[in-house]
Amino acid sequence: MTNAAFPTTGYLAWQFSQIIAGRLERALRAEELTLAQHNALQQVILTPGVSSAEIARRSGMTAQSMGAAVNQLVERELLRREPHPTNRRSMRLFATAEGHSTAARAASVTRRIESETTSPLSPDDKDAIHRLLYHLVKELNPDALAIGSRSLN
């Protein structure tokens with residue numbers, strides 16, 4: 001089915017990630033969010049009190065890049081910072097009421113984009129791809145699936 005030299009699985013995965021990321025970036029502009037900001041906001045919704053550094057680890061981003069995204073969300077009053085109760089060097093992040101509203105609208109956008117980009121697939125193929133990607137991420141970046149003390153499925 002595939003030529004051993006090209007296109008490789010990695011190349012195809014990269015192409016798909018570029019397609020979906022581009023569509024998400026364009027669609028999230030309606031909420032005045034970048035993809036990094038959306039990710040940070042959703043991570044805070046899922047794990048209130050998470051640190052910017054932890055979000056960066058989960059996202060596979062540098063702490064500096066995620067810090068910039070978080071700073072913009074704090075400036076827009078979508079997130080607020082609170083000191084960590086036992087670690088003076090760490091700040092905990094919490095969503096504001098407006099942050100929750102924005103996150104809900106953005107999540108709807110991402111569901112729509114995912115539905116559009118996977119529409120050529122059957123439900124069984126969608127489930128199979130989801131399981132395979134989950135397995136790869138679980139092995140290669142388990143932090144991406146960590147939400148508090150539980151994991152995402």
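Reply: One term to begin with: a residue is buried under 20% relative accessible area, exposed over 50% and partly exposed in between, using a 1.4 Å probe and protein chains only. The model is predicted, so local features need pLDDT of at least 70, side-chain atom pairs count only at pLDDT 80 or more, and totals for chains, interfaces and linings use all residues. Residues are numbered from 1 along each chain as its sequence is written, and side-chain values use heavy atoms, with hydrogens and water left out.

Me: OK. Is E82 buried or exposed, or in between?
Reply: E82 has a relative accessible area of 28%, so E82 is partly exposed.

Me: What does the side chain of E82 meet?
Reply: R80, in a salt bridge at 2.9 Å, N to O. A salt bridge here is a side-chain nitrogen of Lys or Arg within 4 Å of a carboxyl oxygen of Asp or Glu. R80 is partly exposed too, at 37%.

Me: How many salt bridges by this rule?
Reply: Six. Another one is R112 with E116, where the closest N and O atoms are 3.1 Å apart.

Me: Why are R112 and E116 about one helical turn apart?
Reply: Because they are four residues apart in helix α5. Helices are DSSP runs of H or I with at least four residues, strands are runs of E with at least two, and both are numbered from the N terminus. R112 is partly exposed at 40% relative accessibility, and E116 is partly exposed at 38%.

Me: Which residues are joined into one network?
Reply: E31, E98 and R105, through salt bridges that share partners. The R105 to E98 bridge is 3.6 Å, N to O.

Me: Switching topic. What is the fold pattern along the sequence?
Reply: α-α-α-α-β-β-α-α-β-β, with six helices and four strands.

Me: And how much of the protein is buried?
Reply: Of the 153 residues, 31% count as buried. L28, in helix α1 (residues 9–28), is buried at 0% relative accessibility.

Me: What does L28 touch?
Reply: Leaving out residues up to four places away in sequence, L28 touches L33, T34, L35, H38, A106 and V109; contact means heavy atoms within 4.5 Å.

Me: What about T102, buried or exposed?
Reply: Buried, at 2% relative accessibility. T102 lies in helix α5 (residues 97–117) and, neighbours within four places aside, is in contact with E31, L33, L41 and L78.
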